[in-house]
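Please look over the sequence and the structure shown below. The paragraphs after them go through a few parts in turn.

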Amino acid sequence: MKLAEEKSQHILTAFSNLKSKEDFLELLNYTKIIIYGDKAIPFTLKQVNYYSNPRINIERYAAFTIKKKSGATRVIHAPTKGLKAIQKCLNLILQIVYEQHQHKAATGFIPSKSIVDNALLHVRSIYVYNIDLKDFFPSIDQARIWGRLKFPPFNLNDKTGRLEIANIIASLCCHEMEVERIKPDGSWQKEKRNVLPQGAPTSPTLTNIICQQLDFYLTAVAKRFNLKYSRYADDITFSSHHNVYQEGSIFLHELHRIIAAQNFHIKPSKTRLQKQGYRQEVTGIVVNEDVNVPKRFVKQLRMWLYYWEQYGYERAYTYFLQQYSADKGHTKKGRPDMANVILGKLKYLKMVRGADNHMYQKLAYRFEQLSKENLNQEDRPAHLNKVLSILIHKGLDEAMDFYKR
């Protein structure tokens, strides 16, 4: 969310002047109006105390699993409605306070950056080296969040008389769950810890705050070995015109040492070295010659539009659903809508290739024509008709914004 300068400055000033829970509550309610509008019902101190104390509110999160493409499962902890509202407001505050301190190597979960910015750095490299961090969100303990908030730019410490606010923030943002921790002998054991849950609005921003030192050290290592470095959440990429990635190399020794020292661990199954002459990807974007989507992405988009043109929406949907389910590994509740999925893919193609790209314009035109033909069908959901109407009269960006809302 891009704020007007006066609102950002108000949040910065109010945060630096926090002295009590009441001040913190007032700042939360200021940001709630920004996010939810003037009719937003203010938070109460009772709510803040309730959601920041897991001992009296043991059902703050609902846990569920989703399937990954690999067949494994990922556990998501979704905060309850009341806690989520507080976290969304708190997330905006954290983003504003930390904005000027954000490390340039971090590209994930930052309003002004995207996966395209992350990929651009590594275009036309001979070697692209990718690693992932194991259990990224739950690897960060609540005590670590609390400790980081004591230092600049937050300064929530005893000297400023604001340590209680650090306790509240850390508790609002963390949750007890079973996680894996490494033992001195190198083996892993399961134990219960208060950690960052994957699913809370505040978790992505807090990972960037915690990873500031990691980014600093890995940037220094990249400079030492004449490499390029970027990090998108737990996805770390180095690239270069020379190979320093051989097993047992000084670079890999330093890389592993720094990551372990920062209490993170590399996921061996996600480590890969991509060489020139083969497809090189960074966070799903091809970077061999320029940022691009994989060929299969455009091929599939063309195919769905072709089926829709040739056989009509309902028959085309049967082909779409089979392919979509196989690719995603899971679908959310209800049936995915083909038109909405295509709209999202077009938005993604525009982001990567640009609005002036001929391929994007051609596919977007075909979709627009199909949308006009199907706009008045009685079996179309009312909200989708509205989306398609906005698409036709106001363009792709506004249609996508309306669909998200």
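Serine 8 counts as buried because its relative accessibility is 11%; buried means under 20% relative accessible area, exposed over 50%, and partly exposed in between, with a 1.4 Å probe and protein chains only. This is a predicted model, in which local features need pLDDT of at least 70 and side-chain atom pairs count only at pLDDT 80 or more, while totals for chains, interfaces and linings use all residues. Residues are numbered from 1 along each chain as its sequence is written, and side-chain values use heavy atoms, with hydrogens and water left out.

Serine 8 belongs to helix α1. Helices (H or I, at least four residues) and strands (E, at least two) are DSSP runs, numbered from the N terminus. Leaving aside neighbours within four places in sequence, serine 8 is in contact with Leu3 and Ile96, where contact means heavy atoms within 4.5 Å.

Helix α1 covers residues 5–16, which makes 12 residues. From its first C-alpha to its last, α1 reaches 17 Å, close to the 16 Å expected at 1.5 Å a residue; the expected span is 1.5 Å times one less than the number of residues. Ser8, Ile11 and Phe15 of α1 are buried. Seen down the axis of α1, the buried residues fall within an arc of 60°, so they line one face of the helix; the arc is that of the directions from the helix axis to the C-beta atoms. An α-helix has 3.6 residues a turn, so residues three or four places apart point the same way. On the face of α1 turned away from the buried side are the exposed residues Glu5 and Glu6. The cover over the buried residues of α1 includes α2 (21–36) and α4 (81–98).

Elements giving two or more residues to its lining are α1, α4 and α8 (203–210). Its lining has 20 residues, and Lys2, Gln95, Ile96, Glu99 and Pro111 lie nearest its centre. The largest share of this lining, four residues, comes from α4. On a 1 Å grid over the protein atoms alone, a pocket is an open set of points with protein on both sides within 12 Å along at least five of seven lines, and lining residues have an atom within 4 Å of a point.

Six of the six residues of strand β7 (residues 235–240) are buried, so β7 is largely enclosed by the rest of the structure. Asp235, Thr237 and Ser239 are buried on one side of β7, and Ile236, Phe238 and Ser240 on the other. Strand β3 (residues 127–132) runs antiparallel to β7 and is joined to it by six bridges; two strands pair if DSSP finds at least two bridges between them. Tyrosine 127 has serine 240 of β7 as its bridge partner. Strand β6 (residues 228–232) also pairs with β7 in the antiparallel sense, over five bridges. β6 and β7 form a hairpin with two residues between them, and alanine 233 in the turn has a positive phi of about 60°.

Valine 128 has its place in β3 and counts as buried at 0% relative accessibility. Among the residues that valine 128 touches, not counting those up to four places away in sequence, are Thr237, Phe238 and Ser239.

How values were computed. 1 Å grid on protein atoms, 1.4 Å probe; cavity = no way out; pocket = protein on both sides within 12 Å on 5 of 7 lines; lining within 4 Å.
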